[in-house]
Amino acid sequence: MKQICNFIARWMGALVLIMAVFSMLIPAPFLAIETWVINPLLGLIMFGMGLTLSVQDFRIVLSHPKNVLLGCLAQFTIMPLMAWLLVWLFHLPKELALGVILVGCCPGGTASNVITYLAKGDLALSVGMTATSTLLAPLMTPFLVWFLAGTMVDVDTIGMLTSIVYVVIAPIIAGIICQRYLPRFTHGVIDYLPAFSTIMITMVVGIVVSHNADKLLNGGMIVILVVICHNLSGLFLGNLIGRVLRLSRPQCIAISIEVGMQNSGLASSLAVIHFAAYPLATIPGAIFSVWHNISGALAAKWYGRK
């Protein structure tokens with residue numbers, strides 16, 4: 001069973017891509033699933049993340065706050081600003097522009113720790129950045145979306161804050177509590193969590209893509225190009241900032257992957273909940289969910305070879 005789970009986790013990018021293609025060409029099986037299911041699925045992913053966090057992880061943040069805070073600063077500046085720049089350069093319509101900005105303003109992706117491990121990066125720094133950026137998300141994400149997209153659409157910052165607390169923060173806290181008071185349960189499932197998260201992420205991609213299949217087939221190429229540029233710029237600039245700050249190679253790898261990989265499932269969820277009047281806003285998050293797992297896997301192989 002563990003070998004199967006390891007296989008699923010290792011080939012996450014390929015599985016997500018297969019699901020995206022399948023749900024776009026044959027959307028019917030997923031159309032029966034309502035989009036509100038995305039939130040519980042994300043909650044399960046966050047709960048699994050909470051099970052993997054420990055007091056030691058937060059001690060790492062406190063013992064090396066400079067690198068973690070620098071990484072989070074890069075996270076919440078590079079990706080939002082690059083999103084705004086790409087939206088302007090490609091003259092995206094309002095709905096798609098909102099979706100790209102939502103992706104850019106979200107915290108680090110849930111798969112970034114696995115990718116950092118495979119890339120031989122600084123795993124402790126990666127976990128610290130993921131935990132810190134996720135905990136900052138209820139404040140940073142609504143503020144950044146309001147700041148960058150507030151002139152295009154009405155942004156309910158309080159509603160977004162509440163949604164992120166329910167979908168992200170509460171499940172993580174529940175996972176940490178479960179780990180503290182149910183150690184046997186945690187120890188029994190910990191090896192299966194990467195595969196579990198991969199399956200949940202794949203399901204989220206299938207639901208979002210299937211509900212937007214026609215739009216993706218008719219006009220998705222420009223958005224795909226923007227999403228690829230957004231992700232690659234995050235990977236490149238994250239690594240560059242680490243080099244400029246003269247951090248070690250493993251630390252540069254961790255920051256590169258953390259900055260480049262966004263919690264795009266959260267972006268799609270926020271688009272569904274708070275921007276239902278702009279259905280195309282879910283598309284960039286769906287595409288990013290597919291692409292950043294592919295680019296992350298390729299980055300892991302590239303970094304890991306050197």
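Met203 is partly exposed, its relative accessible area being 26%. That value falls between the limits of under 20% for buried and over 50% for exposed, and therefore places the residue in the intermediate class. The structure discussed here is a predicted model. Met203 belongs to helix H12, which covers residues 193-211. Leaving aside residues up to four places away in sequence, the side of the chain that Met203 touches is represented by Phe30, Ile33 and Leu41. A further reference point is Gly108: 95 residues separate Met203 from Gly108 in sequence, and their C-alpha atoms are 19 Å apart in space.

The packing of two other helices can be considered next. Two packed helices are described by the angle between their axes and the distance between those axes. For helix H4 (residues 38-52) and helix H10 (residues 157-181), the axes come within 7 Å and cross at roughly 40°. H4 is therefore oblique to H10, and the crossing in which H4 passes H10 is right-handed. On the H4 side, the contact is made by Asn39, Leu42, Gly43, Met46, Phe47, Met49, Gly50, Leu51 and Thr52. H10 contributes Val167, Val168, Pro171, Ile172, Ala174, Gly175, Ile176, Cys178 and Gln179. By residue class, this contact of H4 with H10 comprises twelve nonpolar and six polar residues, with no charged ones.

H17 has 23 residues and reaches 33 Å from its first C-alpha to its last, close to the 33 Å expected at 1.5 Å a residue. Of these 23 residues, 17 are buried, so H17 is largely enclosed by the rest of the structure.

His91 lies in the loop between helix H6 (65-89) and helix H7 (94-104). Although His91 is not a glycine, its phi is positive, at about 50°. His91 is also exposed, with a relative accessible area of 66%, a class that requires over 50%.

Arg246 occurs in the loop between helix H14 (221-244) and helix H15 (249-260). Its backbone has a positive phi of about 60°, although Arg246 is not a glycine. With a relative accessible area of 77%, Arg246 is exposed.

Terms used
Residues numbered from 1 in each chain as written. Predicted model: local features only at pLDDT ≥ 70, side-chain atom pairs only at ≥ 80, totals over all residues. Heavy atoms only, no water. Helix = DSSP H or I, 4+ residues; strand = E, 2+ residues; numbered from the N terminus. Expected span 1.5 Å × (residues − 1). Buried < 20%, exposed > 50% of the residue type's maximum accessible area, 1.4 Å probe, protein only. Axes fitted to C-alpha atoms, helices over the stretch in contact; angles between N-to-C directions. Parallel < 35°, antiparallel > 145°, perpendicular 65-115°, else oblique. Left-handed = near helix turned anticlockwise from the far one by under 90°. Contact = heavy atoms within 4.5 Å. Nonpolar A, V, L, I, M, F, W, Y, C, P; charged D, E, K, R; others polar.
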